[in-house]
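Subject: Structure for you to look at

Hello,

Here is the structure I promised. Please open it first, then read my notes below.

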Amino acid sequence: MFRWGVLSTAKIGREQLLPAIVEAENGVLAAIASRDLSKAKALAERFGARHAFGSYEELLASKDIDGVYIPLPTSQHVEWTAKAIEAGKHVLVEKPLALDAKDIPPLIKLRDAKKVLVCEAFMVIYHPQWIKVRNLIAGGAIGRLRHVQGAFSYYNVDPNNMRNQLDLGGGALPDIGVYPTVSTRFSTGKEPSRVQATIERDKKFGTDIYSSIRADFGDFELSFYLSTQMAARQVMVFHGEKGFIEVFSPFNAGLYDHHRVELHNQNHTEAQVFRFPGTQQYRLEVETFARAAQGGKERVFTLEESVLNQKVIDAIFRAGGKDGWEAV
C-alpha cells in the first residue's frame with residue numbers, strides 16, 4: 001500500500017482528496033501535518049491516519065511516508081514541492097503548481113535527481129468522460145474540429161478565502177482558468193500558439209475576477225470565460241464539421257451536473273449520451289498516481305505538461321494588458 005502524507009488541513013483535502021485516499025484500493029492515509037498540531041490530530045482521528053505532525057518538516061522527515069499530497073495556498077506550492085522532493089517523497093500537488101512557468105523547470109531537475117514522481121493534481125484527466133471526449137475527437141466522430149467553447153464560474157466574495165487573496169495566489173485564472181486550457185489540450189493533443197484576453201480585477205481584492213479569452217490552436221480556436229463573481233456554471237463544447245460534443249459538468253462532475261457527455265450529429269437530429277455514474281475522479285487520480293509512483297506505466301500529468309499549461313496562463317495574463325494577440 002502506498003503510504004500518503006498530507007501537508008495541511010485545507011478544505012480541498014478534507015472534502016475531496018482525503019476521502020479518496022481512504023477509499024483507494026492501493027493507498028493508505030498514514031499522516032497529516034499542520035502548523036497547528038491540534039488540527040492535525042483532529043483530522044488524523046477523523047480519517048484514521050496513524051500519525052499527526054505539528055510541522056510539515058516533521059512529516060517530510062518521516063520514514064513512514066512514501067509520498068505527499070500538497071493542498072497549501074498556491075503561493076507556497078513550488079516551495080514545498082521542492083522540499084518534499086529533496087526529502088525523497090513522491091509529490092501530488094494541487095493546481096496550479098506555479099504562478100509562472102519559469103518556476104517549474106527547477107522542479108523537473110530536482111525530480112530527475114531524486115528519481116521521484118511529481119504531478120500537478122489535475123483530476124479531470126483521470127475521469128473517463130474526458131478520455132471518452134479525447135477518443136471521440138481522435139476517432140473522427142465530429143469530423144474536423146473547428147471551435148471549442150467553455151465556461152467556468154462561481155460566486156465567492158469572502159475576503160478570508162485564499163481565492164480572493166492576491167498574495168496567496170488567488171484569482172480566477174490560477175484557480176479555474178487552468179481547467180478549460182488543460183482539458184482542451186488533453187482532448188486534442190494540440191497546443192495554442194497565441195491568445196487574446198480581456199481581464200477584470202476586483203478593486204478591493206486586486207485579484208482577477210472575470211476573463212474572456214481566445215486561444216489560437218491553429219486548426220481550431222478555443223474561446224472561454226471565467227469568473228469568481230458570477231452564478232455557478234460549467235460547460236465545454238467541442239464543435240466540428242460533422243457534429244459536436246458537449247460536456248455538461250466538465251470539471252466537477254456530479255456537482256454541477258451528472259457525469260454526462262453528449263455527441264450530436266451534423267443535423268442535430270440524433271444524439272448519443274454517454275454516462276459515467278458513480279465515477280470518483282479524485283479516487284482515480286490518487287490510485288493512478290500511486291501505481292505510477294510504484295513503477296507502473298500509468299499516464300499521469302507530468303511536470304513537462306505543467307510547463308506547457310502554465311505558459312498558456314502566463315500568456316493570458318500578458319494579453320489582458322494589451323490589445324491584440326500575445327504569443328504563448
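A salt bridge here is a side-chain nitrogen of Lys or Arg within 4 Å of a carboxyl oxygen of Asp or Glu. Keep that in mind for the interface.

First, the ground rules. This is a predicted model: local features need pLDDT of at least 70, side-chain atom pairs count only at pLDDT 80 or more, and totals for chains, interfaces and linings use all residues. Residues are numbered from 1 along each chain as its sequence is written, and side-chain values use heavy atoms, with hydrogens and water left out.

Now the domains. An automatic or database assignment sets their bounds. Domain 1 is 1–120, and domain 2 is 122–281 + 308–325. Their centres, taken over C-alpha atoms, are 27 Å apart.

Next, the interface. Twelve residues of domain 1 are in contact (heavy atoms within 4.5 Å) with 13 residues of domain 2. Buried area is the accessible area (1.4 Å probe) that two parts lose on being put together, summed over both. Here that comes to about 1100 Å², with 55% of it on carbon and sulfur atoms. On the domain 1 side, Lys95, Ala101 and Glu120 lose the most area to domain 2. Together they make up 41% of what that side buries.

How many salt bridges does the rule find across the interface of domain 1 and domain 2? It finds one. The side chains of Lys95 and Asp175 also meet in a salt bridge, at 3.0 Å from N to O.

Best wishes
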